[in-house]
Every structure is written in C-alpha cells, then in structure tokens.
Amino acid sequence: MKAILVIMDGLGGRPTDLGGATCLERAAKPYLDELARQGALGLMDPIAPGIRPGSDTAHLSIFGYDPLKVYTGRGAFEVLGLGLEVRGGDVCFRANFATVERQGGKLVVVDRRAGRLAEGHAFEQALNEISLRDLGVELIFRASTEHRGAVVLRGETLSSAITDTDPHEVGKEVLVCEPLEASEGARRTAAAVNALTRRAHEVLESHPVNARRRAQGQLAANALLLRGAAVMPHLQPLTEDYGIRGACVAGGALYKGVARLAGLEVLAVPGATGDLKTDLRAKAKAALSALARVEFVFVHVKGADNAAHDRNAQSKREFIERVDREFFGELLAGLPPGVHLCVSGDHTTPPAVGEHTADPVPVLFWGPSIRADPARTFGERAAAQGGLGRFSGRLVPQLLGYSDLGPKFGA
Ligand SMILES: [Zn+2]
C-alpha cells in the first residue's frame, strides 16, 4: 500500500473568520466532504497543545521528529530548501541584500532590502568567489526571492553561537558579529562573518549590476546582512527508518527543505509556485506520477496560509475551494487502489488574527484501512467529533502505519 500526505498550510481557522464559521467549514468542497464521509477525522496539535508552531517546526513534528530536540533555527531549514547540499554541522544564515553608505569606517544601512531588489541572482557568482579559506571556512551563497538569500559557512567545528550583523533598522550601523560563547569555533565563525561582511561589500560595491542600478536611479545592493545563525542538525531520514522511497511536491523552499531532510526526493514541478497562483492540477499530476515509483508522497500547498496572513478570509475560502476542485478533482480521478490519504494543515492561521495560532488543526484520514466515523464534512468542528480523537503531530508515522509500511517496535 502507498500513502499521500497533503498539507494545506495554515488550514485551520476560527469561527470568527467568516461570521460564525471557519473558511474550511464555509468552503464548497465536494471532494473533501466525500473523503470525510468515507474516512475519519480528528484534531491535531501540530507540536503539543498550546504551542504556537512555525511552519518549519510543525513540519518536523508532522514528519515524526521532535522539534524541541532537533530544531536549530529557521535559517538552516530555509537554506536546505534553496536546494543547497547542506551538511550536518554547517552554519546557515538568512541573508538580505541591503544598501549601505560608508560613514567614516562604518557601514550604515540606508535600505535593508536594497529597494526590494529583484536581481539577487546576478550577484551569486561574485559572492561565491569570495574566499574565507584564510579562516579555514568555505562559503556558499545562494540568492532567493527579491532581496533574500542564504549563506552557508562550512568548516571544522564552526558554531552558531554568534550575533547577527543585521541591525534590523535603517540608519543603524551594520553590526560586528560577536561570539556568544568562549569556544574557538564561535570565535572563528564570528571572524569569518566579519570578513564576509567586508569582502562582500567590496565585491558588491564595484559590481557592474550595481553600476547599472545607480545609473537608473535605483539603490545599489552593496552589502549582505546576516541573521539567524543556525547549525544544520543531523536527522535520521524517515525513508531509511521505514525502508521506503518518498517524494515531495511543493512550491515553497522551506517545505522542500524539510522533505529533503526527511529523505524525500524533491520533485521539480513547473507551475508549483508556493503561493495563491500555484498550478494545483500540475501538483496533483506530479503526485500521481511519483506514486508510480515511490511508496510515500508529501504534497504541500501554501496558498491558504498566504491569504490568512493577508487577513483575507474570502480569499482563504476560495483557495480551499480551488484546492478541492483542481487538486483533489485531478488526484482522485487518477488515484490507483490501495492508497491512503491524509489531509491536514501544519497549523491554524485564522484570517481574523493574521498569524499562526496554537489552535488544533483538522485532520482527515481516508483509505482502505481507515475505520469510517460519522463525519459528513471536513471542518474544524466536525473534526472535534471525529473518530481519530486528538493527538500531537506525527501524521507521517500514522499514515505509513495505516499503509503497513515501517518497522515493528518490539518483539
Ligand atoms: Zn505553515
């Protein structure tokens, strides 16, 4: 038997979102309601009751890892998600292209996002040519969306116990990175970060793309601001634990990163954008074709969370309707027998709040092993009456368990 996990990011909501109902409850979603009629519902606390999860920690927990033990900071997971071959022990940072101005010996921030730069990739090669070998450190830089990017420092015994260089405020000086502990690793990592700040400024200041930006009256992207140092944790891939092959269909970098950590092959799906415009039929087709060669497929759909962060309840409801019609319509039409499905969210994001909240998330399990419960619709309050009860995280181990995949614990 095989299994598909579909996570609709930020799926859960509150009755205050749409005048007495949640977006999921109010949405017209015939496919999901039919799955609920045939399957069983429950409520999941993504990490534990009362913990307000980030998307990264929630996904670790959903995959069966204990985020309270393995989570080392968002930076490490985002860097993974950019497709970099990050190794255990690497120190990862979130980076911003910024505009700075020299004032004496200081670099003062003029714009933390370099005018919301759209051409970060043009600087990638020049930044990757910066050498930190005099400090025993290898540098990898990757541009992401807009002004964002990531930095990985690799070397013997580096440490993430260091401070940010991003002052988080315009008019402030780019901060000197300081070690936060007395170790040689922290001292050397901080020295490498400070050398990177200086050398990146030199390289960017004289870069032809910045010459062109200045000529066009745009802000130069002449500095890198680093924050959120995090060591990449060593995680045991679940594909090894379960002896299975797995694949990931996602648009957002963070989710691909967690999937790669868990040992899943991250598929390139044209049109999977990680936002409201994503090609949901393409994602369903990619999941179906992956299912022909692997036992477990993880699908991540981001849009509901984007709409909820924008406090737009109608948009969240409409996106859920589109996922039902386009993703589940396509998926269920081509689904072979013997597949278990789990549909849930990674946390609750009520549009009325505009942020992640600690409320539990509705879960739907469907497939030949599932004992159907009386639920007739997929929603938060229906899930509270569901046969699966209430549990914390670990959707993937449960789903693989229903599919008879995975080892036995004990004799
Ligand atoms: Zn999320």
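In which sense do strand E1 and strand E11 pair, and over how many bridges? The legends below, drawn from a predicted model, take up this pairing and its surroundings.

**Figure 1. Pairing of strands E1 and E11.** Strand E1, spanning residues 2–8, runs parallel to strand E11, residues 339–344, and six bridges join the two. Within this pair, leucine 5 faces cysteine 342 of E11.

**Figure 2. The open sheet of eight strands.** The strand order is E9-E8-E10-E1-E11-E12-E2-E13, and the pairing is mixed. The edges are formed by strand E9 (265–266) and strand E13 (389–392); each has a single partner strand, so one side of each lacks a neighbour in the sheet.

Figure 3. Leaving aside residues up to four places away in sequence, alanine 304 touches Met8, Asp9, Gly10, Leu11, Lys316, Phe319 and Ile320. Serine 315 lies eleven residues from alanine 304 along the chain, with 7.8 Å between their C-alpha atoms.

**Figure 4. The protein chain as the setting of these views.** The chain comprises 15 helices and 13 strands. Its radius of gyration is 23 Å, close to the 22 Å given by the globule rule for 411 residues, so the chain is as compact as a globular protein of that length. Along the principal axes, the C-alpha atoms fill a box of roughly 70 × 50 × 40 Å. Of the 411 residues, 51% are buried. Among contacts with a separation of 6 or more, 70% link residues 24 or more positions apart.

Key: Residues numbered from 1 in each chain as written. Predicted model: local features only at pLDDT ≥ 70, side-chain atom pairs only at ≥ 80, totals over all residues. Helix = DSSP H or I, 4+ residues; strand = E, 2+ residues; numbered from the N terminus. Rg over C-alpha atoms; globule rule 2.2 N^0.38 Å. Buried ≥ 20, exposed ≤ 12 C-beta atoms within 10 Å, placed from the backbone. Contact = placed C-beta atoms within 7 Å. Pairing = 2+ DSSP bridges.
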